[in-house]
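Q: Could you go through this structure with me, one topic at a time?

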Amino acid sequence: MKSRWSSEVAAGLDPLALRVYTSRLLGAEPSLVLFGGGNTSVKHEVADPRGGTRRALTIKGSGTDLATIGANGFAPLALDDLIPLRERDVLDDETMVELVTMALLDTRAPRPSIETLLHAFIPLDWIDHSHADAILALTNQQDGASRVQEVLGDSIGLVPYIKPGFELSRVAADVFAADPSVDGLVLDKHGLVTFGESAQQSYERHIELVSRAEARIARSWFGPRRLSAEPRADAARLAVTLRGLLSRRRHMIVRSDTSPRVRAFVDDQDVSLFSQQGPATPDHVLRTKRLPLVLDSDDPADAPDAVNRYEAAYAAYAREHADPADDFRHDAGPRVVLAPGIGMFTTGRSAAEADAVARIYRQTMDVIEGAESMGGYAALPARDLFDIEYWPLELYKLKLAPPERELAGRVALVTGAASGIGRATARRLAAAGAHVFVADIDADGVKASADRIAADDVAEPLIFDVTDEEAVAAAMRAIALAVGGIDIVVSNAGIADAAPIDALPLSAWQRSLDVNATGHFLVTRAAVRAMRQQGMGGSVVLVCTKNTFDPGRDFGAYSAAKAAQLQLGRVLAIENGEQGIRVNMVNPDAVFTDSRLWSDDLRAGRAAAHGVAAEELEDFYRRRNLLQTPIGADDVAEAVLFLASDRAAKTTGAVLPVDGGVRGAFPR
């Protein structure tokens with residue numbers, strides 16, 4: 001590992017700005033810290049809110065990401081309120097947190113790191129702590145202490161494993177006090193702490209010690225085997241099956257990784273041994289659980305038994321170590337699934353959460369392989385890991401999490417989403433918490449829609465033609481590989497031409513049938529196939545039109561094809577109810593908002609059919625409905641959300657008009 005220090009950048013920075021700079025240097029190295037891991041601090045003079053200055057410990061806030069941290073990610077604390085705590089013999093977690101909180105000099109600051117006292121008790125001004133992969137590869141062995149001494153020698157002090165908190169802070173300070181000449185401390189099964197009189201000294205000591213550990217591992221490790229990226233079985237099919245199994249209690253996202261690097265790990269003949277030792281550091285148990293599930297078979301039909309066995313084993317582990325008076329349990333399902341011959345699947349309530357699990361476990365692979373190359377990987381005992389997984393201070397964070405949105409964990413596909421109703425619907429589903437795939441044949445339009453949504457929520461573009469059977473199948477496979485399956489499909493793509501039937505070219509008639517009927521058939525058929533395989537139900541919403549019940553003059557091709565679409569939806573509802581798949585329709589009328597359907601030619605044709613001027617067409621449609629109101633794309637999107645959500649859990653085969661009340665279009 002090379003130092004990223006720049007004297008030019010660091011020159012002239014005040015202590016807090018310099019602390020931000022070197023923290024980001026550490027955060028830029030994924031092999032040092034991930035997702036809020038690690039912590040950094042500086043001791044310096046700060047303005048006292050009550051007047052004058054005060055010696056402070058400014059430390060990273062709990063959960064803050066070192067890669068992107070700013071000044072507001074740190075918490076300043078009165079150092080002279082913290083140092084006397086070292087004289088105590090014991091200090092329980094709750095009291096420790098209360099006393100640390102009382103020392104805050106800014107009540108708007110983030111919650112200080114759980115390791116605040118460790119930083120306070122070591123007298124040097126600059127302290128850096130990471131979960132460096134190379135250091136963990138040394139400690140996570142049966143003879144980890146001797147390995148650390150062999151590689152790092154007298155440069156470090158070795159601290160035995162102790163759960164983070166007061167006792168670890170006090171013991172670490174004692175180890176430092178016994179030999180203040182050391183450059184750092186190795187916390188067994190936890191990571192590396194370095195310190196210095198300057199920011200540069202502490203940072204470069206960190207890089208130097210990690211580099212020495214990396215060099216030692218490199219002498220033993222030849223690296224992962226190179227394998228083909230092609231899995232031996234259908235990863236998409238297995239992903240869908242796993243998502244159904246892991247979503248039995250609440251909807252989960254499943255990410256797939258069939259890369260050669262992951263295959264090199266999961267295809268090792270000993271993967272069922274070394275993967276079952278535990279995580280590289282106890283912090284990771286909160287994301288990855290203690291153990292991954294290793295599948296014995298790549299056949300999706302065998303997955304239910306494997307998942308059931310894993311959940312039973314997890315329940316037994318929890319019973320063995322839990323306080324009988326405490327009935328709280330985390331979800332028993334695995335967060336990491338290793339599938340020899342295929343790759344790795346990771347789960348979370350969102351794609352970001354599943355991605356975090358994947359990145360952590362890919363680094364766990366590096367630690368395991370490094371340790372295995374030197375003698376053999378050994379993690380903490382189950383009891384210690386359980387104590388972290390069910391640590392009250394960590395469980396308290398769950399209570400602070402904001403309530404989940406209505407469609408959290410759901411995956412939605414919206415076709416015809418480059419504009420109009422489709423774009424508004426995709427935006428509304430994403431705002432409700434769904435992971436939305438924004439689909440259209442218009443590449444620029446669909447990317448623009450997805451980008452606008454992704455600024456605040458989660459959306460991915462999919463470019464395909466709904467009339468192309470192979471393209472529809474490929475899109476469903478891409479969704480399966482990306483997130484594990486689908487819960488909501490809004491079949492909306494459509495076109496419209498105006499002409500009397502006696503003047504209608506066969507090509508226009510056929511094109512309308514292709515897009516407005518067959519396209520919906522292909523999309524919904526693929527959707528219900530995927531939903532049936534998942535075995536967790538689902539919701540299909542077809543965006544039809546008031547013309548299905550109340551066709552208009554010179555609109556035969558559109559009205560006939562859309563009537564077929566509505567009947568398709570009704571039959572789908574009949575055929576899929578036993579599978580828990582609901583199919584409903586919305587019938588909008590005259591939605592002009594952001595619409596590409598209403599071309600100049602279509603406006604002119606519909607205006608002529610109704611005997612009004614083209615510029616009066618929108619007002620004509622408004623005045624003809626009972627509520628005398630215009631219908632917008634957002635109005636339709638709100639109706640789609642209702643039908644797609646659990647609020648309509650007992651509704652299928654329904655037609656919901658969104659037309660302001662057109663008497664001729666009343667459902668019947």
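Q: Which residues form a negative surface patch?
A: The model is predicted, and local features need pLDDT of at least 70, side-chain atom pairs count only at pLDDT 80 or more, while totals for chains, interfaces and linings use all residues. Residues are numbered from 1 along each chain as its sequence is written, and side-chain values use heavy atoms, with hydrogens and water left out. The negative patch is formed by Asp-298, Asp-299, Asp-302 and Asp-305 (patch residues have over 30% relative accessible area and no salt bridge, and like charges are joined within 9 Å).

Q: Where is Asp-299 found?
A: Asp-299 lies in the loop between β9 (293-294) and α14 (303-321). With a relative accessible area of 34%, Asp-299 is partly exposed (buried means under 20%, exposed over 50%, and partly exposed in between).

Q: New topic: how many aromatic pairs does a search of the whole structure find?
A: The search finds 11 aromatic pairs (ring centres lie within 6.5 Å; planes under 30 degrees apart count as stacked, over 60 as edge-to-face and the rest as tilted). In one of them, Phe-265 and Tyr-361, the ring centres are 6.2 Å apart and the planes at 80 degrees, so the pair is edge-to-face.

Q: Which helices hold Phe-265 and Tyr-361?
A: Phe-265 is in α11 (residues 260-266) and Tyr-361 in α15 (residues 351-374), 96 residues apart, and both residues are buried.

Note on methods. Patches are made of residues with over 30% relative accessible area and no salt bridge: like charges are joined within 9 Å, nonpolar side chains (Val, Leu, Ile, Met, Phe, Trp, Tyr) within 5 Å. Accessible areas come from the Shrake-Rupley method with a 1.4 Å probe; for residues, only the protein chains shown count as cover. A salt bridge is a side-chain nitrogen of Lys or Arg within 4 Å of a carboxyl oxygen of Asp or Glu. Lys and Arg count as positive and Asp and Glu as negative; His and the chain ends are not counted. The place of a charge is taken as NZ of Lys, CZ of Arg, CG of Asp or CD of Glu. Helices (H or I, at least four residues) and strands (E, at least two) are DSSP runs, numbered from the N terminus. Buried means under 20% relative accessible area, exposed over 50%, partly exposed in between (1.4 Å probe, protein chains only). Rings of Phe, Tyr and Trp (its six-membered ring) pair if their centres lie within 6.5 Å; planes under 30 degrees apart count as stacked, over 60 as edge-to-face and the rest as tilted.
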